[in-house]
Amino acid sequence: MDVLDHKLQSSIYSFGYDLILRIGVSSEIAHYLNAALLLITLFALLYVADILLRRLLRILVIKIVRKSKTRFDDFLIHNRVLKYVTHLVPLIIAKQLLPVIFIGFPKWINFTVKITDILIIVAVTVLVKAIFYAVKDYLNTKKRFADKPLDSYFQVIAILLYIVCAILIFSELTGKDPYGLLISLGAASAIVMLVFKDTILGFVASIQVSSNDMVRVGDWIEMAKYGADGDVLEINLNTVKVQNFDKTITTIPTYALISDSFKNYRGMQKSGGRRIKRSINIKLGSIRFLEADEIEDLKRIKLLKSYIMERQQEIATYNHTHVDDPTMLVNGRRMTNVGLFREYVKRYLLNIQSTNKRYAIMVRHLQPTEHGLPIEIYTFANSIVWAEYEGIMADIFDHVIAVVPYFHLELFELPSAADFHDLLASQYHKKTNS
């Protein structure tokens, strides 16, 4: 862009210069004072012009926005695109008028023009970045882009904009062709890759995460290595922000999602059910065959009555044809207390509303240990909400633990200090009484 006409420059500068000379100031000081006064006047005029232009555009834009049905213009305003546009006008005016101010200082004219050119480059870069981020915010409102790592892609665009800006500024300061700088950067690509190693890794990782649909914003992930267990808030170029359930924020490197393992609960959240997999330990010494009167007593349990009657008929038929000596209990088939207990728990899970019947429901034995026989309940709650899930699981085990004595079983638990105290006290009383 060409500067103002030299005749106009001379008249503007000479007018202030002559006024200062009339005060009785020396010629050299008059030049400095004239330049300073003109500079202050220019900044004041540009500041006023910036404010007036911004208010004028805001009034016009608000009218357009109110009539517009799209939300894109709202995001343009939110990302201050209007503000950055108004900044460009004063800078362009400054480029025209600064040579007028420094007409008495020819060496400063090129310097001031370069400074304004650099500021214009920076302002255009910031403006373009704001427009891109308005596009990003607009895309985030669309369902098809809601779970995509748009932050990563637009951060890469921002980095490219900054690189272009830096190249143009360097070219402006040195007077060299930008292509020459790009060739030099190509020769130093190894150094560039080393400096931007994390950025490159993060960019590649974000593309892989997106293309493979490994993680989305809003997913619940668990990554023990980084202490992350919560919802994904952001997927950026270099980091993934996870809000843990204690409301703390964990930051994970984006490339760690590719190089390390993590657990994504999205499948569970979509299924509508969350797995319950927990066991209780039955004391081995309490497991036995049931007596006839005990079986009759257990028939009073509504969920077991039909099952016990069917089993009795089946067992009686089998023992009649296959057992020679029914007085020996190990001969033939018998009902055990733990077997009826397992069947009861299974039927209980099938009859309550809090379990999801679309998925497996099992009550099974695990490997017996020194802590007894583990009876594992494997089912799914019909809610994925954490608090509701914990409540459902607690209700189930409250009931299961409470019904154990009705089957003449005992739960295994390690002896406590009170148990040892009672044992020692009983032994002491025996000795004193004897």
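Q: How many helices and strands are in the protein chain?
A: This is a predicted model, so let's start with its secondary structure. Both element types turn up in the protein chain, and the tally is 16 helices and eight strands.

Q: What percentage of the residues of the protein chain count as buried?
A: The cut-off here is under 20% relative accessible area. The protein chain has 434 residues, and the share of them that counts as buried is 34%.

Q: Is Gln208 buried, partly exposed or exposed?
A: Gln208 sits in helix H9, which covers residues 197-211. Buried means under 20% relative accessible area and exposed means over 50%. Gln208 comes in at 32%, so the label is partly exposed.

Q: Which residues is Gln208 in contact with, leaving aside neighbours within four places in sequence?
A: Contact needs heavy atoms within 4.5 Å. Tyr255 is 47 residues from Gln208 along the chain, and their C-alpha atoms are 9.3 Å apart. With the sequence neighbours set aside, the contacts of Gln208 are Met214 and Ile258.

Q: What span is expected for helix H13 at 1.5 Å a residue?
A: Helix H13 runs over residues 302-322, which makes 21 residues. The expected span is 1.5 Å times one less than that number. From first C-alpha to last, H13 reaches 31 Å, close to the expected 30 Å.

Q: Which helices are included in what covers the buried residues of H13?
A: The buried residues of H13 are Leu304, Tyr307, Ile308, Arg311, Ile315 and Asn319. Their cover includes helix H12 (292-298) and helix H14 (337-351).

Terms used:
Residues numbered from 1 in each chain as written. Predicted model: local features only at pLDDT ≥ 70, side-chain atom pairs only at ≥ 80, totals over all residues. Heavy atoms only, no water. Helix = DSSP H or I, 4+ residues; strand = E, 2+ residues; numbered from the N terminus. Buried < 20%, exposed > 50% of the residue type's maximum accessible area, 1.4 Å probe, protein only.
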